[in-house]
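Hi everyone, thanks for making time this morning. Let me put the model up on the screen, and then we'll walk through a few parts of it together.

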Amino acid sequence: MTPQQDWQRRSVAAVWHPCTQMARAEVVPPLPIARGAGPWLYDYEGRRYFDANSSWWVNLFGHADAGLNAAIKAQLDTLPHVMLAGCTHAPAVRLAERLSARTGGALGHVFFGSDGASAVEIALKQSFHSWRNRGRAEKREFVCLKNGYHGETIGALAVTDVKVFRDAYDPLLMRAHIVESPDARLGNEAAALAAMRALLSERGEHIAAVIIEPLVQGAAGMVMYDASYLRGLRALCTEFEVHLIVDEIAMGCGRTGTFFAWEHAEPESPDQWPDFITLSKGITGGTMPLSLVLTTEAVYQAFWSEDVSRGFLHSHSYTGNALACAAANAVLDRFDAGQLQANAEQAQLLKHAFASLASHPRVAHLRQQGMVLAFDVSEPGLRFAERFHLAARAHELLIRPIGGTVYLMPPYLIDAEAAAFLARAVRLTLDEVLSESTEGSAQTLSKEVHVA
Ligand SMILES: Cc1ncc(COP(=O)(O)O)c(C=O)c1O
């Protein structure tokens with residue numbers, strides 16, 4: 001047995017892999033990765049794979065980035081962790097200040113969590129509790145968008161509309177309103193806003209918040225929409241006194257072309273920002289788990305009291321972990337040093353490299369928003385995502401389509417050579433997979449195909 005096979009066997013026996021039907025993992029065992037460097041991952045047999053989805057959208061600067069590692073190592077020797085209740089530390093304070101500054105001070109208060117879903121839980125709780133503290137406890141309902149995804153803990157799942165994750169737990173979930181989502185392929189932004197208006201005018205008195213993914217609904221299959229929807233939604237939430245939670249966990253940190261995706265809405269004053277922004281994933285560049293919620297002075301003030309129970313008594317052990325905050329500060333240093341400009345250039349390289357794919361007879365809706373590129377495959381066939389994922393490995397590509405949608409969210413390390421490599425590997429894989437004969441429709445695992 002090779003080391004590669006040995007790790008596979010031991011992993012399937014001992015590790016319960018996330019979002020995976022483990023019976024399937026026996027058939028298609030996980031890919032053991034020995035090390036990473038830049039955009040490349042290496043297995044135990046020396047084969048390499050370009051991490052085209054930045055390892056679940058987190059590794060913004062690839063793997064084992066020397067600058068991020070140095071920041072963490074320096075923090076490790078100073079203060080790896082201290083609890084954030086009753087204590088504080090410079091990396092957390094600096095990070096909060098810097099993120100607030102990136103909203104022009106509109107969202108000046110930062111609450112730390114760990115994974116993305118914990119930030120969503122925090123935002124939902126803060127919204128409800130702030131209304132309650134203001135004497136409006138009847139505002140306890142939430143609104144999310146059709147096919148939206150916000151995580152898999154019980155609260156986050158309640159505002160997630162992805163069947164495969166939701167159905168088993170449906171009896172446990174609070175009831176959220178699910179409203180038509182905007183989709184540029186359908187050009188329905190105005191209709192989606194009209195549907196939101198109808199709901200808010202009817203139930204606004206009982207609704208605490210609307211939660212959305214800005215510009216791109218990731219897990220839905222990289223569904224992109226126009227920023228006019230964001231502006232329209234902000235106006236509706238203001239009109240009907242409903243909080244707006246903008247979940248930037250996937251699309252924040254420069255992914256869409258601006259640091260916060262919300263910036264595409266071109267806010268001109270603090271009241272044109274959301275009431276809450278959630279961030280995670282890329283904020284530490286794939287080094288340490290960290291999430292956070294930014295919110296406004298108005299929300300913060302609703303908790304300000306002599307009465308302890310009016311405070312936000314929520315915590316996680318690793319809240320504001322110093323190593324994670326140090327990594328996040330190192331990520332922000334990159335943006336201070338011009339990362340957005342670099343991303344704009346890299347997005348252009350991707351655009352040119354993939355342009356010819358638009359005329360492929362089985363490719364529809366080739367689309368791009370900054371460093372997210374996606375296309376739909378017509379008649380993809382049974383288990384398309386799994387077959388594509390496996391076939392791509394032979395072309396040194398680690399990629400995981402969502403149903404019949406192939407997408408790239410690569411590390412911000414794209415040069416002309418990398419763009420050409422990706423376009424070629426994707427096309428070769430596509431042609432290979434489409435030439436296999438299968439019957440039936442694509443497997444509808446909505447977020448990813450959860451095999452190795
Ligand atoms: C928009 C969005 N929100 C929340 C989450 C949940 O984050 P996590 O998996 O870190 O809990 C994700 C994860 O994919 C996401 O894409």
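Let's start where α9 meets α10: E189, A192, L193, M196, R197 and L200 in α9 are in contact with S228, Y229, G232, L233 and L236 in α10, contact meaning C-beta atoms, placed from the backbone, within 7 Å. Those contact residues split into seven nonpolar, two polar and two charged; here Ala, Val, Leu, Ile, Met, Phe, Trp, Tyr, Cys and Pro count as nonpolar, Asp, Glu, Lys and Arg as charged, and the others, Gly among them, as polar.

Before I go on, please keep in mind that this is a predicted model: local features need pLDDT of at least 70 and side-chain atom pairs count only at pLDDT 80 or more, while totals for chains, interfaces and linings use all residues. Residues are numbered from 1 along each chain as its sequence is written.

Back to our helices. α9 covers residues 189–203 and α10 covers residues 227–239, and they pack at an angle of about 15° with axes 10 Å apart. The axes are lines fitted to C-alpha atoms over the stretch in contact, with angles from 0 to 180 degrees between N-to-C directions. The two helices are therefore roughly parallel, the term for angles under 35 degrees. Helices (H or I, at least four residues) and strands (E, at least two) are DSSP runs, numbered from the N terminus.

Now the sheet. Which strands form it, and in what order? Four strands make an open, mixed sheet, ordered β1-β2-β3-β15; strands pair if DSSP finds at least two bridges between them. β1 (33–37) and β15 (397–398) are at the edges with a single partner strand each, so one side of each has no neighbour in the sheet.

Going across, β1 and β2 (residues 40–43) run antiparallel, joined by four bridges, and G36 sits opposite L41. In their hairpin, with two residues between the strands, G38 has a positive phi near 60°. β2 and β3 are also antiparallel, with three bridges, and W40 stands opposite F50. F50 also has L397 in β15 as a bridge partner, where β3 and β15 pair in the parallel sense over two bridges.

Last stop, the ligand. There are 14 residues around it, and D115, G116, A117, G151 and A250 come nearest; near means a C-beta atom, placed from the backbone, within 6 Å. Helix α6 (residues 116–133) gives the largest share of that shell, three residues.

Technical notes:
Angles under 35 degrees count as roughly parallel, over 145 as roughly antiparallel, 65 to 115 as roughly perpendicular and the rest as oblique. Two residues are in contact if their C-beta atoms, placed from the backbone, lie within 7 Å.
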